[in-house]
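This report covers charged and aromatic side-chain pairs. Please look at the structure below before reading on.

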Amino acid sequence: MLEKGAVPSGAEPQTPAGGQAPLDPPTAAGTGEVAVLSKAQGFLKNDVSVKAARGMSHFGEHAIGWFSIGLIGAAVDKKRRKDWLIASAGVVGAHAASIAVKRVVRRPRPDHPSVEVLVGTPSKLSFPSSHATSTTAAAVLYSGLTGRNLVPALVPPMLASRLVLGVHYPTDVLAGAALGGLVGGLIRRKLKKNP
């Protein structure tokens, strides 16, 4: 007798209504990350950090906050309006790239009794963190336009916030930061070549 949800031997898993493929099951590699995430959350979580992390989560949702800052930069810095608009589009592009990777990888978000999920998410997909991706892209691109290195001030807090809220594994945020850094760096290089 099969357990509930089990697939008979040799049968293909069924796609649920709505046409989307089921999420991949958690892998053995993910269990070690659960322990790391649980410890990180226990160490970082307090009333102040949770409130701040939720604020960052809402600000960074769909890269809207970072995109808005880019539009403000374009409105204020008229001489470099085009560069600000390109940088803003780059932030949105980095976010879109993270969504594309998520749909290929299909890693489920943390779901374990030792991890407390403290904010809602628009999807159940975890890898990479879109918040980490768009934040890092924004930090890299806007650093080039402001002349200040914004990466240390913006990226670590956003990465930590995703762990505090229990919505991403450590490798999710690291991969997101790497992807955002790559996209932001490529666009920043093009902006430097076309003054």
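A residue is called buried when its relative accessible area is under 20%, exposed when over 50%, and partly exposed in between (1.4 Å probe, protein chains only). The model is predicted: local features need pLDDT of at least 70, side-chain atom pairs count only at pLDDT 80 or more, and totals for chains, interfaces and linings use all residues. Residues are numbered from 1 along each chain as its sequence is written, and side-chain values use heavy atoms, leaving out hydrogens and water.

A salt bridge is a side-chain nitrogen of Lys or Arg within 4 Å of a carboxyl oxygen of Asp or Glu. The whole structure holds 4 salt bridges, among them these:

| Pair | N to O distance |
|---|---|
| Lys45 and Glu116 | 2.6 Å |
| Arg80 and Asp77 | 2.8 Å |
| Asp172 and Arg107 | 2.8 Å |

Asp77 is buried at 19% relative accessible area, while Arg80 is partly exposed at 32%. Asp172 is buried at 0%, and Arg107 is buried at 17%. Salt bridges link Glu33, Arg107 and Asp172 in a network. Lys45 is partly exposed at 33% relative accessibility, as is Glu116 at 39%.

Rings of Phe, Tyr and Trp (its six-membered ring) pair if their centres lie within 6.5 Å; planes under 30 degrees apart count as stacked, over 60 as edge-to-face and the rest as tilted. This gives 2 aromatic pairs. Phe59 and Trp66 are edge-to-face, 4.8 Å centre to centre with 90° between the planes. Trp84 and Tyr142 have centres 5.3 Å apart and planes at 40°, so this pair is tilted. Trp84 is buried at 7% relative accessible area, and Tyr142 is buried at 3% relative accessibility.
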